[in-house]
Amino acid sequence: MCGIVGYVGPKSVIDILTNGLSKLEYRGYDSAGVAVNSNGKIKIYKAEGKLQNLKDLLETHRSEITNTTAGIGHIRWATHGAPTTINAHPHSCNCGKLVLVHNGIVENYKELREELKGCGCIFKTETDTEVVAHLIAHEYGKLNDLPKAVRAAAKRLKGAYALCVMHQDDPNMIVGTRKNAPLIVAMGQGENYLASDSPAIIEYTKRVIYLDDDQFAVLTPTSVLITDIDGKQVAKKEEILPWEPVAMSKMGYKHFMLKEIHEQPDVIRNVLSGKLPDITKPIVLDEVKLTKEQIKNLKRIEIIACGTSLHAALVAKYILEAFTNIPVDVEPSSEYIYRKTVTDANTLVIGISQSGETSDTITAIRQAKAVGSHVLIITNRPDSIMAREADSLIPVNAGIEVSVAATKSFNAQLIALYLFSMYVAEIKGSFDSSKIEQLKHEMMMLPQKIETVLSHEESIIKCARAFASYKNFIYIARGINYPTALEGALKLKEISYINATGYPAGELKHGPIAMLDETMPVLAILMPGSIVYEKILSNAEEAKARNARMIALTSAEDPHLEDVFEYILKVPAVDEYLSPVIASVPLQLLAYYIAEFLGKDVDQPRNLAKSVTVE
């Protein structure tokens, strides 16, 4: 959610800023802007909409942007104030000498705004960010020192923020700080960078420092100074980024989403590598620090997540309870943090997040840690805030996911959760060992089976074309695939803007059946393996009797299906426990092709952000 890039050095500041921002477009945004120190003057350029609008604007002004020494850039996802040019970042003080960009939300901005108005500040925007610019400028007027002014202002801010600040009178300096929002420092040769995420700078350097809350970075072309909020120098370890720039390439695919769907077989192989050495050997999870005694004493597991990660958590509830006999509660992070929760030292709290920067989930795991719970984090970003605060960690190794709609990270999370469930079951002896061996074998076969689905997309494309014009959609399933139905509906909503809803199939007749007629497609997930197959088929027949247009997603070889369903999307047979992994792939493809036929912006759907860093 929002993206920041800062640069100080001898190269073309504009090119580095716009290139860095283009690498952060996947985070979601509605406006963009940059500020540069050019010929000793601060110059600001902003535009609504896509980054290309800003690039076009900069091209018309390129002749006036010379002798640049430093710059900051931002893509904004609106929180306070409409997504307009005036509300876009960067923001400046009244004199225009101080400029900054900001991710996050300042909770006490209204009180500060009124106070600063009393000091003569004139506000031009509706944003909380402009308040911060005036506040720092006010402190600068007293201190005449940019790092001190930023530190003084930060002591008065409440909420979440990552800030990147410049001043006209300090042409070779950028100051950055963060609290509850990500910000990294990156070091080059005679140049240095700030960014909210590593893709913005990995093309130039892999040497980074991760700032902690209430730490401040003062950057010049030849130096990086890290201090605490009182100005005391802090020694920070330099780290090397694991990502490769090629991860940001579409590699010939039309969209990143399609590329990432097709990467899933290799992603699953990566997650299993080193963790599943052999079907006869125990699962290896080196970064899970729970002792055997702690695992045996667990009384309860709580899983907290948002969005797609929440659907992975709901699948995990089924498998953890089945494999370990431990009660599992699943709750959206945004709900967990605002009520009294029953959590203690005998409760394992699992936080799941693709980015590892999800604000609600960060707050939730901190609450859990505060009462003594062991916190296990499952994330795609081992360099994230959540990973760094975890007691235990399972990195999912999916590689950077550019498309806003999560695909490969969902299945990577599922595989991590299966591995953890088996890991606990093996320690507790709570599940049949021969069944675990069978599931391990089937997990190793999943990449090949997904490749089979990906190599036979014709039926999915045909189905997508048939239903692209519909305004509503229902997904139904039972048991372990009810969360799969929720995830399939979410994917369709996210990228096609079709009103799609997932239901437990048995609940259809308790209200939703009233919506069924020839204008309502119903997609039923029917995976053989238990008594629910026949129950879902019966529910599908009820829907067909109300003239709904019927689609099946199944691995069953059942001739009766052709009597009920107009379209049948086939997947290879797999154990029902593992079926959400393989069932999710055609649902991702169906959503993708419907959105593609509708001409939607698949990788950057409206109003959405990849990394949600506000509550």
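Reply: Here it is, and please keep in mind that this is a predicted model.

Me: What is the volume of the largest cavity, and which residues are the closest to its centre?

Reply: The largest cavity has a volume of about 150 Å³. Its lining is made of 17 residues, and those closest to the centre are P182, I184, Y210, E357 and D383.

Me: How does that lining divide by class?

Reply: The lining of the largest cavity has seven charged residues, six nonpolar ones and four polar ones.

Me: And the second largest cavity, what volume does that have, and what lines it?

Reply: The second largest cavity comes to about 80 Å³, and the residues around it are C2, H74, R76, W77, T79, H89, H102, N103, G104, T127, D128 and T129. By class, eight of these lining residues are polar, two are nonpolar and two are charged.

Me: Which element gives the most to that lining?

Reply: That is β6, with three residues. The elements that each supply at least two residues to the lining of the second largest cavity are β4, β6 (98–106) and α4 (128–143).

Me: Where does α4 lie relative to the strands?

Reply: Helix α4 lies across β5, β6 and β7, and its direction makes an angle of about 130° with β6.

Me: OK, on to the sheet that β6 is in. What is the strand order?

Reply: The order is β5-β6-β7-β8-β12-β13, six strands forming an open sheet with antiparallel pairing. The edges are β5 (91–92) and β13 (223–227), each of which has a single partner strand, so one side of each is left without a neighbour in the sheet.

Me: Could you take me through the β8 part, and say how many bridges join β7 to β8?

Reply: Strand β7 (residues 159–167) is joined to β8 by five bridges, and the two run antiparallel. Within that pairing, A162 has R178 of β8 as its bridge partner, and the two strands form a hairpin with six residues between them. On the other pairing, β8 meets strand β12 (residues 215–220) in the antiparallel sense, again over five bridges, with V175 standing opposite V218 of β12.

Me: Is β8 mostly covered or mostly open?

Reply: Strand β8 (residues 174–179) is mostly covered, with five of its six residues buried.

Me: Changing topic: what pairs with β10?

Reply: Strand β10 pairs with β1 in the antiparallel sense over four bridges, where V8 stands opposite N192. Strand β9 (residues 184–187) also runs antiparallel to β10 and is joined to it by four bridges, with V185 opposite L194. In the hairpin of β9 and β10 there are four residues between the strands, and G190 takes a positive phi near 70°.

Me: Which residues of β10 are on which side?

Reply: N192 and L194 are on one side and Y193 and A195 on the other; all four are buried, so that both faces of β10 are covered.

Me: Why would you call α1 largely enclosed?

Reply: Helix α1 (residues 13–22) is largely enclosed by the rest of the structure because eight of its ten residues are buried. Those residues are V13, I14, I16, L17, T18, N19, G20 and L21, and what covers them includes β1 (3–8), β2 (31–38), α2 (51–60), β4 (68–76) and β10 (192–195).

Me: Last one, T484: where is its place, and is it buried or exposed?

Reply: T484 is in helix α16 (residues 482–496). T484 has a relative accessible area of 1%, so it counts as buried, the cut-off for that being under 20%.

Me: What does T484 touch?

Reply: Leaving aside residues up to four places away in sequence, T484 touches I525, P580, A583, S584 and L587.

Methods:
Residues numbered from 1 in each chain as written. Predicted model: local features only at pLDDT ≥ 70, side-chain atom pairs only at ≥ 80, totals over all residues. Heavy atoms only, no water. Buried < 20%, exposed > 50% of the residue type's maximum accessible area, 1.4 Å probe, protein only. Pairing = 2+ DSSP bridges. Contact = heavy atoms within 4.5 Å. 1 Å grid on protein atoms, 1.4 Å probe; cavity = no way out; pocket = protein on both sides within 12 Å on 5 of 7 lines; lining within 4 Å. Points joined across faces, edges and corners; volume = space filled by probe spheres on them. Nonpolar A, V, L, I, M, F, W, Y, C, P; charged D, E, K, R; others polar. Axes fitted to C-alpha atoms, helices over the stretch in contact; angles between N-to-C directions.
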